Amino acid sequence: MISVYDEGGLLTALQKGRLQKAAALALNSEGLLGSLDISVVDRSSIRLLNLTNRGIDEETDVLSFPTVESGQIPEDGFWGDVVICPEYIKTQAELSGKRLILELALLVIHGVLHLMGYDHSACEDEARMFRAQRQILERVGLDYEADDS
């Protein structure tokens, strides 16, 4: 089960549904099942989370909090939390000329892949992760290369 928590009402019901689908497809891309939470927060909340958990005093688009070490599968099926900041992501979408829903879905997929152990610190790992993101995005019905808002 993919749960979306948006107490601030920052997303529409349609956007939430699209993000749930994106997260489920990301898990299923590796043949995995389970659940995870997507939390939708404002700029100040994501900045505080980034500072508290990564020591970086800046806003960001997405943070992932896995429940298991890389390469492991959670016994209880709960992969962890993906936290997104639509306000920050909206700015990125405007700068890149992409639709907001595409950027939101891409970053949820990115976050879920991190929960599953993907990393992008090395060039080879980055290429693998970004390739997976684009493939999953297409399965959601969104094409990053063709999208120009």
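## A walk through the fold

Among contacts in the protein between residues at least 6 apart in sequence, 63% join residues at least 24 apart. Keep that figure in mind as you look at the model, which is a predicted one.

Let's begin with the overall layout. The secondary structure consists of five helices and four strands.

Now step back and consider the overall dimensions. Along its principal axes, the C-alpha trace spans about 40 × 35 × 35 Å. A compact globule with 149 residues would have a radius of gyration near 15 Å, and the protein has 14 Å, so the two agree.

What about the surface? The accessible surface comes to about 7,900 Å², and 48% of this area belongs to carbon and sulfur atoms. As for charge, the protein carries 13 positive and 25 negative side chains, and the centres of these two sets lie 6 Å apart.

Next, let's go inside. Of the 149 residues of the protein, 43% count as buried. The largest nonpolar core has 37 residues, and the members that touch the most others in it are L36, I38, I84 and V112. Several elements each give two or more residues to this core: strand 1 (2-5), helix 1 (13-28), strand 2 (35-40), strand 4 (78-84), helix 4 (100-115) and helix 5 (123-140). Helix 4 provides the largest share, with ten residues. There is also a second, separate core of five residues, with V41, I46, L63 and C85 among them.

Which residues is L36 in contact with, once its neighbours within four places in sequence are left aside? The list runs through M1, I2, S3, A23, L27, F78, W79, G80, V112 and L115. You have already met V112, which, like L36, is named among the core members that touch the most others.

For a last stop, turn to L106, which is found in helix 4. Is L106 buried or exposed? Its relative accessibility is 9%, and because buried means under 20%, L106 counts as buried. Leaving out residues up to four places away in sequence, L106 touches Q133, L137 and Y144.

Methods. Residues numbered from 1 in each chain as written. Predicted model: local features only at pLDDT ≥ 70, side-chain atom pairs only at ≥ 80, totals over all residues. Heavy atoms only, no water. Core = buried A, V, L, I, M, F, W, Y, C linked by side-chain atoms within 4.5 Å. Buried < 20%, exposed > 50% of the residue type's maximum accessible area, 1.4 Å probe, protein only. Contact = heavy atoms within 4.5 Å. Rg over C-alpha atoms; globule rule 2.2 N^0.38 Å. Areas by Shrake-Rupley, 256 points an atom, 1.4 Å probe, with all protein chains shown as cover. Lys, Arg positive; Asp, Glu negative; His and termini not counted. Charge placed at Lys NZ, Arg CZ, Asp CG, Glu CD.
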